[in-house]
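Look at the chain as a whole before turning to its parts. The paragraphs below go from overall figures to single residues.

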Amino acid sequence: MGNVPSAVKHCLSYQQLLREHLWIGDPGAGVLPAPVQATQLPGLPEYVKIVEVGPRDGLQNEKTIVPTNIKIELINQLSQTGLSVIEVTSFVSAKWVPQMADHTEVMKGIDQRPGVHYPVLTPNLQGFHRAMGISVVDSSVSGLGGCPYAKGATGNVATEDVIYMLNGLGINTGVNLYKVMEAGNFICMAVNKTTNSKVAQASFNVGIE
């Protein structure tokens, strides 16, 4: 596999995290796993900003049109999680991306909270220049998304799993994992899909048992 960065070598796999954590709260209430706290490793940032792209990139390839009020409620729930950036919609032609035809209504309908940025994708952009180095991560609640033009495209990385992993590495995100999981459960029920988040799946399974 060649040279593997030292930070990657120290990252715990999902299986390790789920196997080694302690469960907290009422076992029958859909509890959350307590992440394994790791010593801060050299070269890792103290804080990572998570950019939530679920409402736009996560939903744009859904074949069934998601009602505007559901999109608005999802964004409003995500706004209460501590996320500082939530990509809301895309101002593109409804001919190409029918799911985003209600972009104006969505933008007008959401409750914009102070301190939270709500960027949109516009067709005039030649590309979005991202610092996706070591301190910014794009992710999608419940792992929703993928390219609508590529058959069989896989989803995005789940926001819940990213937060859990970073918590385990002792890296602050400022995001409430439980509230993100609640928002993920909401949108999965709305679009009749199973979450792709391994952390959410494990938590829900324990709740069921």
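How much accessible surface does the chain have, and what share of it belongs to carbon and sulfur atoms? The accessible surface is about 11,500 Å², and carbon and sulfur atoms account for 55% of it. Such areas come from the Shrake-Rupley method with a 1.4 Å probe; for residues, only the protein chains shown count as cover.

This is a predicted model, in which local features need pLDDT of at least 70 and side-chain atom pairs count only at pLDDT 80 or more, while totals for chains, interfaces and linings use all residues. Residues are numbered from 1 along each chain as its sequence is written, and side-chain values use heavy atoms, with hydrogens and water left out.

The chain has eight helices and five strands. Helices (H or I, at least four residues) and strands (E, at least two) are DSSP runs, numbered from the N terminus. Along the sequence their order is α-α-β-β-β-α-α-β-α-β-α-α-α.

Of the 209 residues in the chain, 42% are buried. Buried means under 20% relative accessible area, exposed means over 50%, and partly exposed lies in between (1.4 Å probe, protein chains only). Contacts, meaning heavy atoms within 4.5 Å, can also be sorted by distance in sequence. Among those between residues at least 6 apart, 71% join residues at least 24 apart.

Ile65 gives a case to look at. This residue sits in the loop between helix H3 (54–58) and helix H4 (68–78), and is partly exposed at 48% relative accessibility. Leaving aside residues up to four places away in sequence, Ile65 touches Pro98 and Gln99. Pro98 is 33 residues from Ile65 along the chain, yet their C-alpha atoms are separated by 7.7 Å.

Next comes helix H6 (residues 159–168). Eight of its 10 residues are buried, so H6 is largely enclosed by the rest of the structure. The buried residues include Val162, Ile163, Tyr164 and Leu166, and also Glu160 and Asp161. Just after H6, Gly170 has a positive phi of about 75°.

Positive phi also occurs in residues other than glycine. Ser142, in the loop between strand E5 (136–139) and H6, has a phi near 65°. Asn192, in the loop between helix H7 (177–191) and helix H8 (198–208), has a phi of about 60°. Are these two residues buried or exposed? Ser142 is buried, at 1% relative accessibility, whereas Asn192 is exposed, with a relative accessible area of 71%.
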